[in-house]
Amino acid sequence: MKLFDELKYRGLINDVTSPQLEEKLNNGGLTFYIGTDPTGDSLHIGHYSSLLCAKRLKEHGHHPIMLVGGATGFIGDPKASGERNMLTKEVLEHNYQCLSKQIEALFGFEMVNNLDWTKDISVIDFLRDYGKYFNVNYMINKETVKRRLDAGISYTEFSYMILQALDFLHLYEDKGCTLQLGGQDQWGNITSGLELIRKKHGADVECYGLTMPLITKADGTKFGKSESGTVWLDKHKTSAYEMYQFLVNSEDEKVIDYLKKLTFLSKEEIDALEEKVKTEPHFREAQKTLAKEVVTFLHGEEEYNKALKITNALFKGNIKELDAGELQDALKGFEAAEIADELTLTDTLVQAGIASSKREAREWINQGSIQINGDKVKDVEFIVSSKNAISKGRTLIKKGKRNYFVISQK
């Protein structure tokens, strides 16, 4: 399968600026760039598909440049919900260093910072050398700006398009970069960059843009949020176990789409898993494969095995098999209910909202349905004490086969 056909199969092409790009991609040899602003100190799972797409191009003979926007991060890409909070120079520099280290370690891309070529441009030079090429009517008709016109948009965020166009121009002139890769929401910025290059260097310049669809959940919302928040690529912010759980709980109707976009599995392997989703959905083979592929790529086989060990221990109720670090990772996925210390097990279950009444709590205890920190307890007067907590003052309660709850006691 040629590269362009593979990208289409995987659902990684939303739009291209020229039909000529198909042949260019198939032949290899393009220098291209993909960018992100340092608004956080880690990338999240929502970025992952775009970076893998860049890696796919790299493996087919193209040269990727990763731009982390030290300059555009000061400005903020316009978003539909309103103006972005302005980040300080110190925060942006910290985020830039973290992202650069993360991207180099995971993908090995050449790194650039657009602050390097914008920091010394004067206001007059910016307006004369770049702003003069942008018609306001053209700018306000770009989707990213148009969405904000009724609510209002600052001149600062309105100017973001020019700064990003300047990036494409600089990389074309300095590194021979002829392709920009981005999410579908970046179409306006990408085409603005192409227009600036053509106005500066002539209409026959061969430069291109390619956008990728944003990954979504079945309800159309953005992919990348769990109950506890954003799913980060940094294992210190989102553990391998948490990442595994997020992916293994993917919806049946979306998991094949995720396998195509987030893994390097072949079409034959994905087709086989798609058949299993249809015929044996209860085994969740596709979800388990997705989780294994992504966690192993990001964190290595050892972290994947640790995530699997924690998952199996919780499923079987064998939490005593976990060491302190594994136990801490396991408990991070649960929101702790704060209750009073030194309560009977009956009162603990009621105060924590696990049981609706003392009668129900006593029934569960007498039936042997309750475990405390991995031990079955059948005494309704058993005292649940913070002195016996298992990880950072937290106690794990299991009800039945699969229902877990965490409490912390005041």
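Start by selecting residues 370–372, strand 11, together with strand 12: the two pair in the antiparallel sense over two bridges. Strands here are DSSP runs of type E with at least two residues, helices are H or I runs of at least four, and both are numbered from the N terminus. Two strands count as paired if DSSP finds at least two bridges between them. Within this pair, look for Gln371, which stands opposite Lys376 of strand 12.

The model is predicted: local features need pLDDT of at least 70 and side-chain atom pairs count only at pLDDT 80 or more, while totals for chains, interfaces and linings use all residues. Residue numbers run from 1 along each chain as its sequence is written, and side-chain values use heavy atoms, with hydrogens and water left out.

Five strands form an open sheet of mixed pairing, in the order 9-15-14-11-12. At its edges are strand 9 (336–339) and strand 12 (375–376), each pairing on one side only.

Next, colour by domain. The protein is divided into domain 1 (1–210), domain 2 (223–329) and domain 3 (334–407), with bounds from an automatic or database domain assignment.

Show domains 2 and 3 together. Their C-alpha centres lie 28 Å apart. Nine residues of domain 2 are in contact with 13 residues of domain 3, contact meaning heavy atoms within 4.5 Å. The area buried between domain 2 and domain 3 is about 860 Å², and carbon and sulfur atoms give 56% of that. Buried area is the accessible area (1.4 Å probe) that two parts lose on being put together, summed over both. On the domain 2 side, select Leu314, Ile319 and Gln328: these lose the most area to domain 3, together 46% of what that side buries.

What about charged pairs across this boundary? The count of salt bridges between domain 2 and domain 3 is zero, a salt bridge being a side-chain nitrogen of Lys or Arg within 4 Å of a carboxyl oxygen of Asp or Glu.

Display helix 17 (301–316) and helix 18 (324–332), the elements that give two or more residues to the side of domain 2 that touches domain 3. Helix 17 supplies the largest share of that side, four residues.

Move to helix 12 (residues 187–201), where Arg198 and Glu195 lie three residues apart, about one turn of the helix. The side chains of Arg198 and Glu195 meet in a salt bridge at 4.0 Å, N to O. By the rule given above, the count comes to 15 salt bridges.

Finish at the other sheet, in which six strands run in the order 1-6-5-2-3-4, open and with mixed pairing. Its edge strands are strand 1 (15–16) and strand 4 (110–113), each pairing on one side only. Inside the sheet, select strand 2 (residues 31–36) and strand 3 (residues 63–68), which pair in the parallel sense over six bridges. Thr31 stands opposite His63 in strand 3.
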